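Reader: I am new to this structure and would like to discuss its charged side chains. Could we look at it together?
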Amino acid sequence: MTNNFGGKPHVLILGGGSVGLTTASELRKTLGAEVAITVVDPRPYMTYQPFLPEVGAGSIHPRDVLAPLRKILTGTKVVTGSVTRISTQDSTVVVTAEDDEQLEITYDYLVVAMGAVPRLLPIPGLAENAIGFKQIEEATAVRDRILANLAEAATTRDPKARKRLLTFTFIGGGFAGGEAVAEAEDMVRDALRYYPDLHASDIRFVLVDGAPFIFPELSEEQRAYVLAQLRERGIEVKLETFLNSAEDGVIKTSDGDEFESDLLVWNAGVKPHPVLSDPDSSDLPVVTERGPLMGKVQALADLRVNGAEGPLDDVFTAGDCAAVPDLASGEGKFCPPNAQHAVRQAKRLADNIARSVQGRPLVDYYHKNLGVMATLGMYKGVALVSLGDKKIDVRGLPAWAMARAYHVYAMPTLGRKASVIAGWATNLISRRDIIGIPEVETPRAAFEYAANTGKKK
Ligand SMILES: Cc1cc2nc3c(=O)[nH]c(=O)nc-3n(C[C@H](O)[C@H](O)[C@H](O)COP(=O)(O)OP(=O)(O)OC[C@H]3O[C@@H](n4cnc5c(N)ncnc54)[C@H](O)[C@@H]3O)c2cc1C
């Protein structure tokens, strides 16, 4: 690919997620046609991940949490492909497109925003049997699998199969995992009204976490409140417990428990995109010490990448793949990986690129945490809101309403906000959908069956 941008600086953004999308739109707002912008992402859309637990619970339609990059970023080139090599030495990035074609793209400014991927452990059966919860197809598949299992369990006569179908296991009780299991359990309880043959006592939700608590970002009292609430709802929360094996869907945990489960959702942590720390693929400086920052791109507070010989003035980074100093929390602290920081860092980053283009001094990223909030099913939630030095504890319906309102505000595009709200309104009238369609993964099966049944042996 030749770079011909009419003498304009070319800003190349790797990743079209929270950081990539926000950076591109902000740059367009501040610099207009002064710069050429390219966004590279294997997916043609940005996923608003905080809404995935509600997608997994059938409260939000999957497409409503996707922001189409080409539609939003008019005037920006969107390349659908995966970044496979980054050379800051040559100011060049290699992108592998869907058809395996290798595109070489040069840049004047590079923004590294490739986010994170699930951190897997070498547990027997995990890679073969588990599903993640970071992508739209994963959340949708979890919803479809759970709902389809209810329908199958209601008709099966085999008690062992029925038990397996109705056992759902979630590993990891951070915000993403905790919300995912709480929302899914809420969906099942709601759906059971249509299944006279199934009872709440037939359903088993298990949440496993190695830590002594779940929802680590909450206060101690709030953690106890959430734990009690989940347990009251029948979710078995196993703390200080590890998954030992998941071969053939047989779950073995470190507390000696062993059971069959038809669904295993892995939410036990993420790591920065692996291309960034692979020396054969990238020459970006990454954190090498073991710990939560390992593999993240080293950033300065002004979001430039910090190389061994000092800042790289043309390379910026932010979001889940970056170790960004958290000046608001004090010396030696780094921003936690969440959308709250990702979007704000992106705005600072875009402004700093504009400043660099215009020869003005860069400004450090500074953001005081606004707090955290989670939905735990319809009308249930918890939030810890920071107001100055005070932390306000909000629970139940007000926390749930706050979380929904905040995420609608943060969801990109007016159209998508409207769709999410319209979906919620429809659910209020007709209740949420209880149909699971796992067959979407095999759309040709019915056609192939019809073709084969006509064949003579
Ligand atoms: C289930 C769930 C719930 C969450 N809930 C909350 C919440 O309530 N509040 C909150 O603040 N945060 C929440 N988060 C975290 C938040 O979504 C992330 O911190 C945020 O999206 C990080 O933004 P990012 O741009 O760094 O990464 P992402 O938004 O993940 O974007 C990374 C992009 O890089 C792209 N990419 C991947 N590989 C390549 C490649 N090879 N080449 C090019 N591009 C590539 C990806 O397709 C993706 O579009 C949640 C996350 C999950 C998974």
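Author: A salt bridge is a side-chain nitrogen of Lys or Arg within 4 Å of a carboxyl oxygen of Asp or Glu. This is a predicted model, in which local features need pLDDT of at least 70 and side-chain atom pairs count only at pLDDT 80 or more, while totals for chains, interfaces and linings use all residues. Residues are numbered from 1 along each chain as its sequence is written, and side-chain values use heavy atoms, with hydrogens and water left out.

Reader: How many salt bridges does the structure hold?
Author: There are 27 salt bridges.

Reader: Which residue pairs with D202?
Author: D202 meets R162 in a salt bridge, at 3.0 Å from N to O. D202 is in the loop between α7 (175-191) and β11 (204-208) and R162 is in helix α6 (residues 159-165), so the pair ties together parts 40 residues apart in sequence. Helices (H or I, at least four residues) and strands (E, at least two) are DSSP runs, numbered from the N terminus.

Reader: What about E54, and which residue is its partner?
Author: E54 forms a salt bridge with R404, with the closest N and O atoms 2.8 Å apart. This pair links distant parts of the chain, 350 residues apart: E54 in helix α2 (residues 52-56) and R404 in helix α10 (residues 397-410).

Reader: Are E54 and R404 buried or exposed?
Author: Both E54 and R404 are buried. Buried means under 20% relative accessible area, exposed over 50%, and partly exposed in between (1.4 Å probe, protein chains only).
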